[in-house]
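Open the model in a viewer and keep the selection tool at hand. The stops below go from one part of the fold to the next.

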Amino acid sequence: MVAEKMSSYEEIRQRTIEENKKKLEELNLSLLTNSLRETASPKPSPVKQVKKRKIDLGSESFERRRSGRLSDKPAPNYRDAMLEYDNSDRPRNRTYKRRDLLNRVYASDEARHYAIKRAQEIESTLGPDSLTFVKPMLQSHTTGGFWLGLPNYFCKEHLPKVDTRMTLIDEAGDEHETNYLAQKTGLSAGWRGFAIEHELVDGDAVVFHLVNQITFKVYIVRQSGFAEAKAVASAPPKLENRRTRKKLVTGD
């Protein structure tokens with residue numbers, strides 16, 4: 001009984017499979033599946049290799065393209081023209097010696113205060129109506145980024161509102177061009193050359209005197225003056241000649 005039920009089940013199953021196959025063949029799903037597989041993984045097309053054309057510029061075996069009106073004239077030799085070029089008349093930028101960053105000067109507090117005090121004394125001699133300010137020098141002003149920020153209040157009241165070329169005049173009367181950046185209120189390009197040429201170091205103090213809207217007169221006070229003044233103050237007094245001292249006492 002069980003065997004008869006299994007055989008009938010197998011017959012029904014086999015008949016269903018055959019019917020499904022016929023339906024698939026009628027719909028051509030097998031061909032569609034194969035075409036999808038082929039399009040999903042296309043074969044890479046071979047890359048066409050292009051041979052580069054090599055030209056020997058050193059040889060004269062080929063004919064160069066030239067204008068028709070110049071074909072009867074000899075070809076120019078540009079190599080000789082380059083050798084004959086003379087750039088001695090070209091303007092050269094001002095160059096400055098590089099700072100030795102390993103031998104930076106680090107000013108003491110006493111030397112820094114000495115330079116600021118002496119700068120303020122110079123500032124006081126310029127008159128009460130003079131437009132001045134004192135700027136103590138830091139490492140970033142003299143050996144680092146070479147950017148000099150100016151007092152904001154001074155820039156807003158007395159300096160141009162746009163970027164401008166400004167002139168710095170030192171005590172010897174030499175002029176130096178710098179770039180003033182109005183938004184950043186400071187001196188950029190040109191300040192580096194001024195600082196290096198005048199050998200400014202950390203602790204020096206600079207007096208800026210605005211003589212017109214784009215010109216500063218500059219006075220420099222060295223922080224090294226503190227050590228010199230200290231050495232003079234600590235030196236023993238000179239002994240007077242006995243004969244000179246006797247004349248001073250007796251009046252003879």
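Select T167 and T215: T167 stands opposite T215 of strand β7. Strands here are DSSP runs of E with at least two residues, and helices are runs of H or I with at least four, both numbered from the N terminus. The model is predicted, with local features needing pLDDT of at least 70 and side-chain atom pairs pLDDT 80 or more, while totals for chains, interfaces and linings use all residues. Residues are numbered from 1 along each chain as its sequence is written, and side-chain values use heavy atoms, without hydrogens and water.

Now show residues 215-221, which are β7; three bridges join β7 to β3, and the two run parallel. Two strands count as paired if DSSP finds at least two bridges between them.

Next, select 164-169 and 175-181. These are β3 and β4, antiparallel strands joined by six bridges. On this side, T167 stands opposite E177 of β4. Five residues lie between the two strands of this hairpin, and G173 in the turn has a positive phi of about 90°.

Zoom out to the sheet. In what order do the seven strands lie? The order is β1-β6-β7-β3-β4-β5-β2, in an open sheet with mixed pairing. Colour 131-136 (β1) and 148-149 (β2): these stand at the edges with a single partner strand each, so one side of each has no neighbour in the sheet.

Turn to the interior. A nonpolar core is a set of buried Ala, Val, Leu, Ile, Met, Phe, Trp, Tyr and Cys residues joined through side-chain atoms within 4.5 Å; buried means under 20% relative accessible area with a 1.4 Å probe, protein chains only. Select L150, L159, W191, F208 and F216, the residues with the most contacts inside the largest such core, which has 24 residues. At least two residues of this core come from each of α6 (152-158), β3, α7 (191-197), β6 (205-212) and β7. Helix α7 gives the largest share, four residues.

Centre on L150. Beyond its neighbours within four places in sequence, L150 is in contact (heavy atoms within 4.5 Å) with residues including F133, Y180, L187 and F216. Apart from this core lies another, of seven residues, among them A119, A205, V207 and V221.

Finally, show the whole protein: it has nine helices and seven strands, and buried residues make up 24% of its 252 residues.

Key:
Buried means under 20% relative accessible area, exposed over 50%, partly exposed in between (1.4 Å probe, protein chains only).
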